[in-house]
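Hi,

Here is the structure I promised to pass on. Have a look at it first, and then read my notes below.

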Amino acid sequence: MSLSGKAAIVGIGATEFSKESGRSELQLSVEATRDALQDAGLTPADVDGLTTFTMDTSSEIALARELGLGDLRFFSRINYGGGAACATIQQAAMAVATGVADVVVAYRGFNERSGQRFGQVQSWAAQQVNTNGIDNSWTYPLGLSTPAATVAMQARRYMHDYGVTSADFGAVAVADRRHAATNPAAFFYGKPITLEDHQASRMIADPLHLLDCCQESDGAVAIVVTSPERARDLPQPPVTIAAAAQGSAADQYVMTSYYRDEIGIPEMGVVAKDLWRQSGLTPADIDTAVLYDHFTPYVLMQLEELGFCVRGEAKDFVRDGAIELGGRLPINTHGGQLGEAYLHGMNGIAEGIRQVRGTSVNQVAGAAHVLVTAGTGVPTSGLVLSAP
């Protein structure tokens with residue numbers, strides 16, 4: 001048995017991306033979900049399933065009340081922050097494929113810039129009444145109390161082991177911002193950067209410059225999943241979920257997996273193996289990818305774990321424009337979380353859908369297979385989206 005081809009994405013919706021939305025997180029999720037249902041040619045009455053992140057503040061029943069949904073037959077939440085993004089689609093696809101639900105909406109909405117800023121020190125993270133809180137209590141008092149600080153440790157070791165430079169990380173930032181510059185929905189629309197800009201930006205946590213770090217954003221994204229049979233009668237070209245996987249590797253922590261023999265993100269390797277197995281595809285079949293880019297070093301590590309290049313050679317892969325439009329593997333054609341917005345990866349899934357539909361503002365010609373990944377440094381997830 002396989003999940004491949006058993007569910008399709010038929011609608012995407014989003015609010016504007018801003019630094020101060022001026023409305024509640026629930027309102028943002030309602031707006032994005034309405035937009036997604038309109039895009040799909042469906043009504044709230046058609047929805048019988050919802051899925052989101054454990055971190056989302058808007059409960060499924062609250063969203064259902066505000067939208068006027070009827071009975072819900074399925075609802076689920078995925079843990080580990082941005083690592084949950086693609087897994088929300090996996091959950092929706094599994095529900096549809098097994099007949100547990102007919103139409104499932106995956107949603108995520110937050111005021112991450114005007115409200116709780118994930119990039120700042122959050123004392124609650126070390127005070128959680130769970131084992132993640134215990135883990136954080138060992139590192140927070142030592143100064144590893146922001147995402148940038150935790151990633152900086154891993155980035156520095158990666159540089160040491162493989163001869164990677166800050167300029168190699170900068171290649172990711174430059175590509176993302178170049179793509180964002182032509183995307184009217186991106187916060188940094190019309191604002192490309194150069195490698196010199198990247199290198200001159202202030203240091204956040206050595207070796208991470210400001211332009212190595214994603215934005216803080218307000219907004220919401222929603223995605224509608226249903227069966228391939230029902231999708232054929234809806235207005236948008238259906239996007240097939242060719243593969244959907246989650247992954248956690250040995251000695252896994254949340255952002256502080258420092259105790260392995262080799263510093264890396266093997267959890268993405270777990271995801272990769274399952275994506276290629278389910279889809280029957282290889283990295284050579286992927287036309288464009290949306291790689292979770294909350295911090296640039298993890299993009300290079302993902303290229304290696306996913307099989308686009310061998311360990312230690314991502315630096316060479318990105319140096320010649322391979323990840324920009326017209327390159328061997330254009331990535332983050334919407335601008336990514338560095339250039340468009342930080343929506344915990346859900347806006348990246350939306351861009352993957354647009355690429356398969358052929359409606360991206362930075363369309364890759366003939367994009368039939370698109371890879372999308374979720375948050376790194378944590379248990380994570382991924383998707384392969386394909387044309388029917």
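Let's start in the sheet: strand E4 and strand E7 (residues 218–226) pair in the antiparallel sense over eight bridges. Two strands count as paired if DSSP finds at least two bridges between them.

Before going on, some housekeeping. This is a predicted model, in which local features need pLDDT of at least 70 and side-chain atom pairs count only at pLDDT 80 or more, while totals for chains, interfaces and linings use all residues. Residues are numbered from 1 along each chain as its sequence is written, and side-chain values use heavy atoms, with hydrogens and water left out. Helices (H or I, at least four residues) and strands (E, at least two) are DSSP runs, numbered from the N terminus.

Back to E4, which also pairs with strand E2 (residues 49–53), this time in the parallel sense over three bridges. Here Thr 51 faces Ala 106 in E4, and Leu 50 stands opposite Val 105.

How many of the residues of E4 (residues 104–111) are buried? Eight of its eight, where buried means under 20% relative accessible area with a 1.4 Å probe, protein chains only. In a regular strand the side chains alternate between the two faces of the sheet. In E4, Val 104, Ala 106, Arg 108 and Phe 110 point one way, and Val 105, Tyr 107, Gly 109 and Asn 111 point the other way.

Zooming out, the open sheet has nine strands in the order E3-E2-E4-E7-E1-E8-E11-E10-E9, with mixed pairing. Strands E3 (74–78) and E9 (288–290) are the edges, each pairing on one side only.

Now for two helices elsewhere. The axes of H6 (residues 166–180) and H10 (residues 296–305) come within 8 Å and cross at roughly 95°; axes are lines fitted to C-alpha atoms, for helices over the stretch in contact, and angles run from 0 to 180 degrees between N-to-C directions. H6 and H10 are therefore roughly perpendicular to each other (65 to 115 degrees). The contact (heavy atoms within 4.5 Å) involves Asp 168, Phe 169, Val 172 and Ala 173 of H6, and Thr 296, Pro 297, Val 299 and Leu 300 of H10.

Finally, an unreviewed UniProt entry annotates residues 271–379 as "domain: Thiolase C-terminal"; such annotations may be inferred rather than shown by experiment. Over that range the chain is 38% helix and 7% strand, and the end C-alpha atoms are 10 Å apart.

Cheers

Note on methods. Angles under 35 degrees count as roughly parallel, over 145 as roughly antiparallel, 65 to 115 as roughly perpendicular and the rest as oblique. Buried means under 20% relative accessible area, exposed over 50%, partly exposed in between (1.4 Å probe, protein chains only).
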